[in-house]
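Let's take a friendly walk through this model together.

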Amino acid sequence: MTTGTSHAHGPRMQFAKAAPEVYKAMISLDAAARKGLDPALAELVKTRASQLNHCAFCIDMHTKDARAAGESEERLYLLNAWEEAGDLYTEKEQAALALTEAVTVLTDGFVPDEVYERAAKHFEERELAQLIALILTINAWNRIGVTTRMTPGVYKPNV
């Protein structure tokens, strides 16, 4: 969402240095949230939430991590239109992406039952809890990235 005014995109602060305990806790939360989830699915979820939140730093990071993990360019390019991409994404991935959008946007103040039930059909309860944790974690990272204006383009994946 734009307001018609532009703003400088330089970083406002180095969050990790300004709040090191919070940053370390976020790193731990992120690692805990990913446990037991398919790494490729995790990168799709992180990228999609970052697209919705307009976090350029996180979009850059997670598309690079997805590519490093073997994700195709086609699937990354079409991620923001995944519902129209036919069978390019599995039913399980589609359920995870729908849940990601519902949890990230919360436009009606809740996650619709049909979205939750769709995800629950494809994920066992523990895995679903991990997926929810992953979604809330990337949303927190996005808010840090957007608020502090982290600079995209500098991230290098650990390959």
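**Starting from helix 6**

In helix 6, the buried residues are E93, Q94, A95, A96, L97, A98, L99, T100, E101, A102 and T104. Keep in mind that you are looking at a predicted model. The list covers 11 of the 15 residues of helix 6, so this helix is largely enclosed by the rest of the structure. Buried here is a matter of a cut-off: under 20% relative accessible area.

What do these buried residues pack against? Their partners are helix 3, helix 5 (73-77), helix 7 and helix 8. As for its geometry, helix 6 has 15 residues and spans 21 Å from its first C-alpha to its last, close to the 21 Å expected at 1.5 Å a residue. Just after the helix comes L106, which takes a positive phi of about 45°.

Now zoom in on one residue of helix 6. L99 is among the buried residues of the helix, and, leaving aside residues up to four places away in sequence, L99 touches V111, V115, A119, L128, L131, I132 and I135.

That neighbourhood leads us to the nonpolar interior. In soluble globular proteins, nonpolar side chains tend to be buried together. Here the largest nonpolar core has 23 residues, and those with the most contacts inside it are V45, Y89, L99, F123 and L131. Which elements give two or more residues to this core? They are helix 3 (39-52), helix 6 (91-105), helix 7 (113-122) and helix 8 (125-148). Apart from this core lies another one, of 12 residues, including C55, F57, C58 and M61.

Let's step back to the whole chain. The protein has 8 helices and 0 strands, and read along the sequence its pattern is α-α-α-α-α-α-α-α. Among contacts between residues at least 6 apart in sequence, 71% join residues at least 24 apart.

How does the overall radius of gyration agree with that of a compact globule? With 159 residues, such a globule would have a value near 15 Å, and the protein has 16 Å, which agrees. Along the principal axes, the C-alpha atoms fill a box of roughly 40 × 40 × 35 Å.

Finally, consider the surface. Of the 159 residues, 41% count as buried. The accessible surface comes to about 9,400 Å², and 56% of that area belongs to carbon and sulfur atoms.

Notes: Residues are numbered from 1 along each chain as its sequence is written. This is a predicted model: local features need pLDDT of at least 70, side-chain atom pairs count only at pLDDT 80 or more; totals for chains, interfaces and linings use all residues. Side-chain values use heavy atoms; hydrogens and water are left out. A nonpolar core is a set of buried Ala, Val, Leu, Ile, Met, Phe, Trp, Tyr and Cys residues joined through side-chain atoms within 4.5 Å. Buried means under 20% relative accessible area, exposed over 50%, partly exposed in between (1.4 Å probe, protein chains only). Helices (H or I, at least four residues) and strands (E, at least two) are DSSP runs, numbered from the N terminus. Contact means heavy atoms within 4.5 Å. The expected span of a helix is 1.5 Å times one less than its number of residues. The radius of gyration is taken over C-alpha atoms; the globule rule is 2.2 Å times the number of residues to the power 0.38. Accessible areas come from the Shrake-Rupley method with a 1.4 Å probe; for residues, only the protein chains shown count as cover.
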